[in-house]
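Have a look at the picture first, then read on.

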Amino acid sequence: MRRRKTAVAAACCLALLLGTLLNVLFVPGSELPPPSPPPPRDGAPPSPPGAPLEPPEEEGGGGGRAALARQLRERYEEVLRYRQPRAAGVRRAVRPRERRLMDLAPARTSAEQQQQQQQPRGRAAAERGRASAELGLEPPPLGCRELRAAGGVQYLGSGYTKAVYKAVLNRSLAVALKAVDFGGHDVSRCVRQFASLADCYRLAAYKIVKEMVLLQRLRHANVLQLYGYCYQDSNDIPDTLTAITELGSPLEMIQLLQTSWEDRFRICLSLVRLLHYLAHSPLGSVTLLDFRPRQFVIVDGELKVTDLDDASIEESSCTSNSDCFMEFPARNFTLPCSVEGRCQNMNEKRNLYNAYRFFFTYLLPHSAPPSLRPLLDKIVNATGELQWGIDETAAQLERVLNLYKSGEYLQNATRISKSEYRRVPEAFIPDENYRCWPSYHHKGCLLSVFDVNEAMEICDSYSQCKAFVLTNQTTWTGRQLVFFKAASNHIMPDPDKITYVKVTD
């Protein structure tokens with residue numbers, strides 16, 4: 001019995017050690033320097049652009065292996081649908097830094113691998129090149145060389161397929177690193193079912209390849225930038241892929257609800273501009289099947305989509321309207337079936353309703369300027385009922401932006417302050433803060449205004465406001481930031497600020 005307990009304990013320790021070792025080895029740019037990408041075999045060039053694409057071949061026997069091969073083929077064909085199209089007969093010159101993004105050759109048996117090892121290295125490399133696919137990606141500005149010198153690597157999170165890390169490249173550029181999570185749901189389930197880590201890795205890696213292709217095809221201010229990629233050997237699997245992308249901050253809805261309306265409106269406007277582009281993209285209408293706040297990040301105040309591996313350009317086919325049924329937790333919709341046998345604007349409408357239920361209802365109306373609320377309510381209601389398409393929704397939000405930036409939203413053309421204020425140039429009040437909501441400053445009342453008259457109106461509306469300070473800072477709309485103060489007992493000189501002190505109430 002004692003021997004048995006010892007054996008069980010040793011097995012557990014060994015499993016824990018192996019799991020930890022696998023995770024450490026896989027982290028790209030971790031404390032251990034990432035392994036160098038494998039060099040070209042005997043200097044053999046990759047297969048030339050435009051060479052015939054050879055998809056994975058299905059195994060003749062074995063239900064499990066045939067099913068896995070079929071899934072690999074489906075993922076492979078999906079990636080090809082998104083790759084950069086080329087004019088017939090045009091062959092692009094191979095650039096020195098360009099590599100194939102995925103070895104699409106079917107898995108070899110041990111006998112075939114042994115036979116390949118006995119071949120001249122140049123011939124083996126040529127065969128490998130012929131089994132690779134040119135996926136139309138541009139040569140990466142950043143690659144393995146930069147990744148090997150990465151510093152400050154931090155784990156950010158993971159989903160079903162990918163793990164994401166933060167790293168600093170070239171000692172200055174903070175980036176996100178995306179790689180297949182060997183301990184993630186997709187790989188773990190696949191290995192349990194098919195017992196082939198290498199093929200299961202390839203199956204998961206296709207999603208990263210697809211996302212990389214889409215990040216390059218869909219160039220837009222609200223789509224995350226792809227900086228590059230790197231291949232390196234990991235976990236006994238050659239050419240594991242790491243994508244290098246722009247780094248953003250996670251979208252936290254609770255924190256967003258505590259920010260100013262102006263910043264929340266910017267998030268919604270960014271989203272609508274993105275959805276308008278996706279509805280009219282070079283690929284056709286693109287829908288985000290996994291549409292959740294966690295699929296987006298914030299970069300310099302702008303919302304950007306970061307996760308595109310579940311995007312789709314497939315339009316649902318139909319024979320009648322009943323085939324065009326969209327089901328959501330709180331609402332269902334039936335769209336018309338076109339004469340071409342496609343559900344009209346289903347991709348666009350799916351994106352728009354998800355924007356309504358995840359973003360608009362929470363971020364648009366609350367604490368908005370009173371004169372803008374009727375228009376904002378109209379936008380929220382129309383998208384919630386899918387009465388508008390993305391074109392009309394985008395036009396209405398741009399209208400809100402113009403009203404807000406121009407000051408036309410302010411009611412009463414001849415605005416007269418209820419109180420009298422004394423102007424004190426080149427001065428500010430360092431203390432005497434009070435809190436208001438929403439505010440750009442968590443310990444004071446810092447708001448944006450269109451002009452001095454609006455600042456006076458705001459100060460008049462707060463019983464504790466006795467003064468305000470115009471700063472030289474502006475928001476993304478060009479509006480001026482103003483500190484509202486509870487007293488003016490201590491005024492100090494400052495050449496960049498102007499203080500207004502309430503004289504009469």
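What follows is a short report on salt bridges and on one pair of strands.

Keep in mind that this model is predicted. A search through the whole structure turns up 17 salt bridges. Here are three of them:

| Pair | N to O distance |
|---|---|
| Arg-73 and Glu-77 | 4.0 Å |
| Asp-199 and Arg-202 | 3.0 Å |
| Arg-479 and Glu-262 | 3.7 Å |

Start with Arg-73 and Glu-77. They sit four residues apart in helix H2 (residues 63-82), so about one helical turn separates them. How accessible are these two? Arg-73 counts as partly exposed because its relative accessibility is 23%, and Glu-77 is partly exposed too, at 37%.

Are they buried or exposed? Both Asp-199 and Arg-202 are buried.

Now for Arg-479 and Glu-262, which form a salt bridge. This pair ties together distant parts of the chain, 217 residues apart: Arg-479 is in the loop between strands S15 (467-474) and S16 (480-485), while Glu-262 belongs to helix H9 (residues 261-279). Arg-479 counts as buried, with 3% relative accessibility, and Glu-262 is buried at 1%.

Salt bridges can also join up: Lys-162, Lys-178, Glu-211, Asp-307 and Asp-309 are linked in a network.

Finally, the strands. S4 (residues 226-234) has eight of its nine residues buried. S4 runs antiparallel to S5 (residues 237-246), and seven bridges join the two. Within this pairing, Gly-228 stands opposite Ile-244 of S5.

Technical notes. Residues numbered from 1 in each chain as written. Predicted model: local features only at pLDDT ≥ 70, side-chain atom pairs only at ≥ 80, totals over all residues. Heavy atoms only, no water. Buried < 20%, exposed > 50% of the residue type's maximum accessible area, 1.4 Å probe, protein only. Pairing = 2+ DSSP bridges. Salt bridge = Lys/Arg side-chain N within 4 Å of Asp/Glu carboxyl O.
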